[in-house]
Every structure is written in structure tokens, then in C-alpha cells.
Amino acid sequence: MTVEATTERVLRMLALLQRRPSWTAAELAAELGVTDRSVRRDVERLRALGYPVHATAGVGGGYQLGAGTRLPPLLLDDEEAIATAVSLRLATGGTVAGAGEAALRALAKLDQVMPTRLRAEVRAVHGATDTLVGPAVEIDAELLVTLARACRDAVRVRFRYAGRHGGEGERTVEPVRMVTTGRRWYLMAWDVDRGDWRTFRLDRMREVAATTWRFRPREHPDPVDHVQRSVTEAPYRHLARVRLHARPERVRELVPPQVGRVEDDRDGWCVLVTGGEDLDWLAMHVARLGFETQVLEPPELREAAARIARRLAAMAGAGEVGAPAAATQ
């Protein structure tokens with residue numbers, strides 16, 4: 001028997017052992033069309049590859065695939081592969097705390113070896129499924145897989161990128177990490193043409209393609225901190241820093257990470273850094289949090305707060321039903 005035939009038979013045995021908890025030697029021999037002696041040899045081959053195959057003697061005994069010290073490769077049939085891929089796509093959306101990044105890595109591995117016909121089935125299932133979650137920007141899973149591989153393999157990526165104020169240009173980057181806020185996905189990468197670290201929104205990317213150009217990973221800032229600073233500070237006309245008399249964790253419950261950054265302070269206070277296009281809107285946003293507040297910067301924010309206070313005071317005092325008319329002299 002050729003090496004190829006033996007390898008195929010061993011893989012068939014592995015698939016059988018993964019299908020149900022226990023098999024007798026006679027059952028395996030019948031399924032594979034070999035002798036009990038060949039079954040024993042193939043079991044030893046699997047053990048040599050790191051698969052913990054346990055044998056139990058006596059009536060009711062047989063072979064069982066056990067848990068080892070490391071996870072060996074799995075063999076999935078078509079239905080199992082589709083179910084796994086669909087589940088991983090859902091998990092990448094952040095609906096399971098802490099599972100999104102690991103699910104994305106697993107999805108990239110599975111997508112790399114999945115036949116085209118099964119990949120089409122997965123897309124069909126995913127396209128016919130809606131999830132009851134909060135408003136978010138939907139990202140195609142193929143884009144996530146492409147960027148995940150590029151981050152893993154340290155290869156440059158080219159794409160067209162739409163700016164905030166219109167216009168679209170081609171970018172070439174060295175990707176490091178993807179970060180999700182729960183509503184949006186971002187890529188932190190070294191922009192080759194601009195020679196600096198940049199943050200890119202995945203929903204603004206077009207024609208994304210990984211190149212064959214490998215790069216040497218360079219020292220980089222913390223991706224989560226870099227992305228948060230980019231999305232809460234850089235895009236806005238005004239940047240505000242205010243002290244709030246509240247625990248940092250309490251403020252983080254009220255202010256999403258894509259809206260503001262919360263820094264620890266002292267004596268029960270914390271500092272909120274947030275941006276906006278309009279100072280009046282910023283003042284209202286901070287006031288709605290309901291905490292004692294001290295404006296650190298900019299000074300114009302205090303003026304905006306005073307203007308709003310005057311408007312609210314006038315709104316509260318004017319037009320009251322049943323209010324007495326002003327006395328005449």
C-alpha cells in the first residue's frame with residue numbers, strides 16, 4: 001500500500017474517532033476495510049502525531065480520542081465547517097465579551113483552507129441572518145479575514161480610503177492591529193506614504209488587497225490607546241478636558257470609548273477627554289452626565305456653559321402656565 005493511501009486511511013480514522021465517543025477495533029476495521037492489526041498500527045501513527053487515542057480492553061472497550069496537552073488539528077465535515085464558520089462570524093461582531101479577537105483569528109485559519117463551495121454556503125447563511133444588536137456599521141467578514149491575515153503575516157495592504165470631508169485616495173500601509181469599539185472597526189497601521197501611524201475605519205475602505213511585500217514589524221504604540229485617541233480627539237474641531245466628581249468606571253459606563261477617554265485622577269475625581277464640532281453641544285453633553293464638573297480646557301467651554309445656563313434659566317422662567325403678569329407702575 002502506498003504512503004498516500006496509508007495517510008488517507010489514517011485521516012479517515014481520525015474523522016471517525018472525532019465523530020463519536022468510542023469505537024471498537026472491529027468497527028473501525030469494518031469502516032476502513034482493513035484488519036484489526038492495521039487499525040492498531042494506524043492508532044500508533046495518530047499517537048505519534050500528537051493525538052491522544054486511548055484504548056480500553058475487555059467487553060465494551062475500544063478506542064477513544066481523548067483530550068491532550070495541546071489542541072491537534074480537527075477534521076470537520078461540510079456541515080460542521082459551515083456551522084463553525086457562521087458561529088465565528090457572529091462572534092467577531094463582539095456579541096461575546098472577549099471572544100471577538102480569538103474568533104477572528106480562528107475564522108482566518110478556517111477561511112484559508114475552506115473549499116470555495118463551502119465558503120459560498122457560509123456567505124449565504126450569513127447574508128440571510130440578522131442579529132438583534134444595537135446600531136453598528138456592518139463590516140464584510142472577507143475584509144476582516146484579509147486584514148487579519150495581513151496583520152498575522154506582516155504583509156503590506158493597499159486600499160482606497162474615503163476621507164471624512166469627501167475625496168478618496170489610495171493608501172499603502174503596514175497593518176498592526178484591528179480594534180473594535182462594538183459599533184465600528186478600526187485598523188491601526190503604519191502609513192507608508194505619510195511615514196506615520198494612522199487609524200483607518202474599515203467601513204471607509206474600498207478595494208482592499210494584501211500584497212506580497214513583507215515588512216519588518218516596528219515598535220508601535222498601544223493599538224487600543226492609539227485608536228481611542230484618534231477617534232475621540234483627532235477628528236474634531238474642539239477638544240475638551242473636564243474633571244468629573246465620579247469614579248472612572250462609572251463615567252466609562254456612560255461614555256462609550258469611541259466618544260471619550262476617561263483618565264484616573266484623585267480624591268474621587270476623574271478626567272474626561274472628548275471632542276466635538278460645537279462647544280454648546282459639548283457643554284450639553286458633559287452636563288447631561290449629571291456630575292459636578294470643572295472645565296480644564298478650553299476656556300471657551302466655560303463661556304458655552306454660561307450661555308446654555310442662561311437659556312435654560314430663561315426657558316424655565318418664561319411661559320409658565322398660570323404665572324402672574326408683571327405688575328405695572
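Predicted model: local features only at pLDDT ≥ 70, side-chain atom pairs only at ≥ 80, totals over all residues.
User: Let's start inside. How many residues are in the largest nonpolar core, and which have the most contacts inside it?

Analyst: The largest nonpolar core has 33 residues. Those with the most contacts inside it are Leu147, Met178, Leu187, Leu202 and Met205.

User: What is leucine 202 in contact with, leaving aside neighbours within four places in sequence?

Analyst: Leucine 202 is in contact with Ile139, Leu143, Leu144, Leu147, Met178, Trp185, Tyr186 and Leu187.

User: What does the second, separate core include?

Analyst: That core has 17 residues. Among them are Val242, Val262, Cys270 and Leu301.

User: Switching to rings. How many aromatic pairs does the structure hold?

Analyst: Four. One of them is tyrosine 161 with phenylalanine 200.

User: Why is the pair of tyrosine 161 and phenylalanine 200 called edge-to-face?

Analyst: Their planes sit at 85 degrees, and over 60 counts as edge-to-face. The ring centres are 5.1 Å apart.

User: What does that pair tie together?

Analyst: Parts that are 39 residues apart in sequence, because tyrosine 161 lies in strand β3 and phenylalanine 200 in strand β6 (residues 196-201).

User: Are tyrosine 161 and phenylalanine 200 buried or exposed?

Analyst: Tyrosine 161 is buried, at 10% relative accessible area. Phenylalanine 200 is buried too, at 1%. The cut-off for buried is under 20%.

User: Which residues do ring pairs link into a cluster?

Analyst: Phe159, Tyr161 and Phe200.

User: What about tryptophan 190 and tryptophan 197: what are the distance and angle?

Analyst: They form an edge-to-face pair, 5.2 Å centre to centre, with 80 degrees between the planes. Tryptophan 190 and tryptophan 197 are both buried.

User: Now the outside. Which residues form a nonpolar patch on the surface?

Analyst: Met284, Leu312 and Met315. Together they have about 300 Å² of accessible area.

User: Where is methionine 315 found, and why does methionine 315 count as exposed?

Analyst: Methionine 315 is in helix α11 (residues 300-317). Its relative accessible area is 61%, so methionine 315 is over the 50% cut-off for exposed.

User: What do nonpolar side chains tend to do in general?

Analyst: In soluble globular proteins, they tend to be buried together.

Notes. Residues numbered from 1 in each chain as written. Heavy atoms only, no water. Patch = residues over 30% accessible without salt bridge, like charges linked within 9 Å, V, L, I, M, F, W, Y side chains within 5 Å. Areas by Shrake-Rupley, 256 points an atom, 1.4 Å probe, with all protein chains shown as cover. Salt bridge = Lys/Arg side-chain N within 4 Å of Asp/Glu carboxyl O. Helix = DSSP H or I, 4+ residues; strand = E, 2+ residues; numbered from the N terminus. Buried < 20%, exposed > 50% of the residue type's maximum accessible area, 1.4 Å probe, protein only. Core = buried A, V, L, I, M, F, W, Y, C linked by side-chain atoms within 4.5 Å. Contact = heavy atoms within 4.5 Å. Phe/Tyr/Trp six-rings, centres within 6.5 Å; stacked < 30°, edge-to-face > 60°.
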